[in-house]
Amino acid sequence: QAAIESAAVDAPTLASAITTDKAAAGEQYGKPGSVGPIFPVKFSGVVGELRSGLATVAVAGLPEGLVVRVQTGPAVNGTDVRDATGTISFGQFTNQIEYQDAGAALNDQIKAQVLGNLDRDSLSGKTIEVVGVFQLINPTGWLVTPVRMGVQ
């Protein structure tokens with residue numbers, strides 16, 4: 001969590017870098033991922049639609065057409081948190097199952113520590129502050145897994 005927070009890039013800066021040169025942005029701000037780089041990011045924005053545990057967030061300063069969604073639980077999917085720091089690698093585990101279990105354990109901590117007391121039903125229209133990670137699969141759609149989130 002602390003490693004992701006210290007490396008997090010302001011969303012408008014990151015979006016600009018990705019738009020200019022995805023490969024260079026990955027080198028400068030991200031960690032290698034299976035499909036695309038994994039980026040630590042921070043932003044503040046207004047929650048719009050909530051559906052299936054995902055909140056769409058309007059973030060000022062982002063390019064037109066870029067959709068930011070944040071995982072709000074109760075399920076947290078993916079291995080972005082595990083892979084974001086570059087300090088956890090497959091070689092540290094006996095097999096793929098243990099490697100996946102490490103990702104699931106970190107997601108369980110996100111659910112407990114970051115999203116555990118979140119009132120999802122009242123988020124729409126509120127401003128949230130997020131520090132999290134996402135894997136760049138689609139440059140016009142970020143799916144952020146939060147490691148810190150505050151509701152104003």
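## Starting from K126

Where does K126 lie? K126 sits in the loop between α5 and β5 (127-135); helices (H or I, at least four residues) and strands (E, at least two) are DSSP runs, numbered from the N terminus. Please keep in mind that this is a predicted model, in which local features need pLDDT of at least 70, side-chain atom pairs count only at pLDDT 80 or more, and totals for chains, interfaces and linings use all residues. Residues are numbered from 1 along each chain as its sequence is written, and side-chain values use heavy atoms, with hydrogens and water left out.

K126 is partly exposed, with 31% relative accessibility; buried means under 20% relative accessible area, exposed over 50%, and partly exposed in between (1.4 Å probe, protein chains only). Leaving aside neighbours within four places in sequence, K126 is in contact with G45, V46, V47, V151 and Q152, where contact means heavy atoms within 4.5 Å. K126 and L143 are 17 residues apart along the chain, and their C-alpha atoms are separated by 19 Å.

## Two helices that meet

Two packed helices are described by the angle between their axes and the distance between the axes. Helix α2 (residues 11-20) packs on helix α3 (residues 22-29) at an angle of about 135 degrees, and the axes are 5 Å apart. That makes α2 oblique to α3. Here, axes are lines fitted to C-alpha atoms, for helices over the stretch in contact, and angles run from 0 to 180 degrees between N-to-C directions. Angles under 35 degrees count as roughly parallel, over 145 as roughly antiparallel, 65 to 115 as roughly perpendicular and the rest as oblique.

On the α2 side, the residues are T13, L14, A17, I18 and T20, and they meet K22, A25 and Y29 in α3. The residues of this contact divide into five nonpolar, two polar and one charged. In this grouping, Ala, Val, Leu, Ile, Met, Phe, Trp, Tyr, Cys and Pro count as nonpolar, Asp, Glu, Lys and Arg as charged, and the others, Gly among them, as polar.

## Strand β3 and its neighbours

In a regular strand the side chains alternate between the two faces of the sheet. Strand β3 (residues 54-58) has A55 and V57 on a covered face, with L54, T56 and A58 on an uncovered one. Strand β2 (residues 38-51) and β3 run antiparallel and are joined by four bridges; two strands pair if DSSP finds at least two bridges between them. Within this pairing, V47 stands opposite V57 in β3.

The hairpin of β2 and β3 has two residues between the strands. S52, in the loop between β2 and β3, has a positive phi of about 55 degrees although it is not a glycine. S52 is exposed, with a relative accessible area of 73%. Most residues other than glycine have a negative phi, and most peptide bonds are trans. A cis peptide bond is found from G73 to P74, with omega near 10 degrees; P74 lies in the loop between β4 and α4 (80-84).

R69 in strand β4 is partly exposed, with a relative accessible area of 31%. Not counting residues up to four places away in sequence, R69 touches L54, A55, T56, W142, L143 and V144. The bridge partner of R69 in β6 is L143, and β4 and β6 run parallel, joined by four bridges.

T145 belongs to strand β6 (residues 141-151) and is buried, at 2% relative accessibility. V133 stands opposite T145 in β6, as β5 and β6 pair in the antiparallel sense over six bridges. These two strands form a hairpin with five residues between them.

## N107 in helix α5

N107 lies in helix α5 (residues 96-114) and is buried, with a relative accessible area of 6%. A polar atom of the N107 side chain lies 2.7 Å from the backbone oxygen of G78. Apart from neighbours within four places in sequence, N107 is in contact with V76, N77, G78 and V81.

Notes: Polar contact = N/O pair within 3.5 Å; in protein donor to acceptor, adjacent residues only side chain to side chain.
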